[in-house]
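Me: I'd like to learn how to read aromatic contacts and pockets in a structure. Can you walk me through one?

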Amino acid sequence: AQESRGLGDVYKRQNRMFAGDFELRIFLYILVLIGALVPILNIFTSPDSFFHLSDYHISLFGKYLTYGLLALSLDLVWGYCGILSLGHGAFFALGGYCMGMHLMREIGPRGVYGDPVLPDFMVFLNWTELPLAWYGFDSIFYAMLMIVLVPGFLAFIFGWFAFRSRVTGVYFSIITQAMVFAFMLAFFQNDLGFGGNNGLTDFKDILGFSLQDTRTKLAFFLLSVIALGIGYYLSKKLISSHAGQVTTAIRDQEDRIRFLGYRVEHFKLALFIISGVLAGIAGALYVPQVGIINPGEFSPVKSIEIVVWVALGGRGTLYGAVVGGILVNLAKSFFTALKKRPIDTETAEKFISKISRSLEELGQSEISSNTIGTMVMEGLKDLDPVAYVRFASVYRNFREEKDFVQFVDKIDVFKKR
């Protein structure tokens, strides 16, 4: 009887956790389904099966989930507090760099130059000592702490001055964009000690597990699922709390809330810090699945993309931001893959034979790179748009080839890719 009452209490507590929130239940159920389905399709289906998901797709879907968490973090401040940040990519990138620094320290003497302490790029640049900022990142626990503290501290410092000065609206958006642009310029500098324009890459393993191993990829995918689920749950509960209702009121009538005696800047700052931490965690999970972090992640364009994800998915809904972040990037991958699809042998042979016949009509002395270029462009006209783009890119890479045989060889190799 006592055991039955104990189970009943647990069930009641779980019901209270999700009570009155149908959207939260559905979102978490779908997330659990995705978290179960992807590993099943990877492990229990044949590689020749249409439903099989390769290791590459596991990392790809994990990346989509981190983008979903990133979009969620922006929707938290923009959708529910009216704070449009055009620099959220800074928090994402800083979290990614913290994870990347730990992964670089784990390489140790297995790097190209064999230095047990300094990463390869530091040895290449003739650095003799490890920069102070890198100390401690050999520990995964220290790295995890920094993944939370660094983006959170930046959000605190930036938000403290901005909100106390009552910077709002488009002025706040412009300042955040200037912030992320300044970070991008700084991280491009080799002297800063974060890899310059090449960033951090060539990661080997984490906690002794190879990042190329299927189990490690699945683990990071599941961590992304869990992080998104927890982030969504906490965000939903925060928004439905009294503090969340105040922030929503600040979005609609900030002056009125201020006249009621609320310290508006405190609510804004707290929400901004939470949002920055969520973005940093997303960046930390993104790096080991993609295999690189560079200053390009600080690009203002990347931060604007996040706004597009949230706007398309639905601002002020949380789940809409997640869906927007995932679907937009899924579409980008799909159309990129469509553009890069292999050219069939028949099309390639038709292209080459047409140019070869034209060249046979000319004497050897009349053949030049310009002549070949003209004939290549003529031959491209008969191809479908995708083949046109692919062959044109090959020609641009080898347009200085005067020997047409070499050019054909390049195309033949390309055709087999």
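Predicted model: local features only at pLDDT ≥ 70, side-chain atom pairs only at ≥ 80, totals over all residues.

Me: Which kind of aromatic pair do Trp134 and Phe194 form?

Reply: Look at the distance between ring centres and the angle between planes; planes under 30 degrees apart count as stacked. Trp134 and Phe194 sit 6.4 Å apart, centre to centre, with 25° between the planes, so by that cut-off the pair is stacked.

Me: Where in the chain do Trp134 and Phe194 lie?

Reply: Both are in loops. Trp134 is in the one between α5 (120–124) and α6 (140–164), while Phe194 is in the one between α7 (169–187) and β1 (200–201). The pair therefore ties together parts that are 60 residues apart in sequence.

Me: Are Trp134 and Phe194 buried or exposed?

Reply: Buried, both of them.

Me: How many aromatic pairs does the count come to?

Reply: The count comes to 26 aromatic pairs. Take Tyr67 and Trp309 as another example: their centres are 5.1 Å apart and the planes make an angle of 55°, which is a tilted pair. This one links distant parts of the chain, with Tyr67 in helix α3 (residues 55–81) and Trp309 in helix α12 (residues 300–313), 242 residues apart. Tyr67 and Trp309 are each buried.

Me: Now the pockets. What's the general idea?

Reply: Rolling a probe the size of a water molecule over the atoms shows where empty space is left. Here, the largest pocket has a volume of about 630 Å³.

Me: Which residues that line the largest pocket are the closest to its centre?

Reply: The lining has 26 residues, and Met99, Met144, Phe220, Leu223 and Leu285 are the closest to the centre.

Me: Which helix gives the largest share of the lining of the largest pocket?

Reply: That's α8, with ten residues. Helices α6, α8 (214–240) and α11 (264–290) each supply at least two lining residues.

Key:
Residues numbered from 1 in each chain as written. Heavy atoms only, no water. Phe/Tyr/Trp six-rings, centres within 6.5 Å; stacked < 30°, edge-to-face > 60°. Helix = DSSP H or I, 4+ residues; strand = E, 2+ residues; numbered from the N terminus. Buried < 20%, exposed > 50% of the residue type's maximum accessible area, 1.4 Å probe, protein only. 1 Å grid on protein atoms, 1.4 Å probe; cavity = no way out; pocket = protein on both sides within 12 Å on 5 of 7 lines; lining within 4 Å. Points joined across faces, edges and corners; volume = space filled by probe spheres on them.
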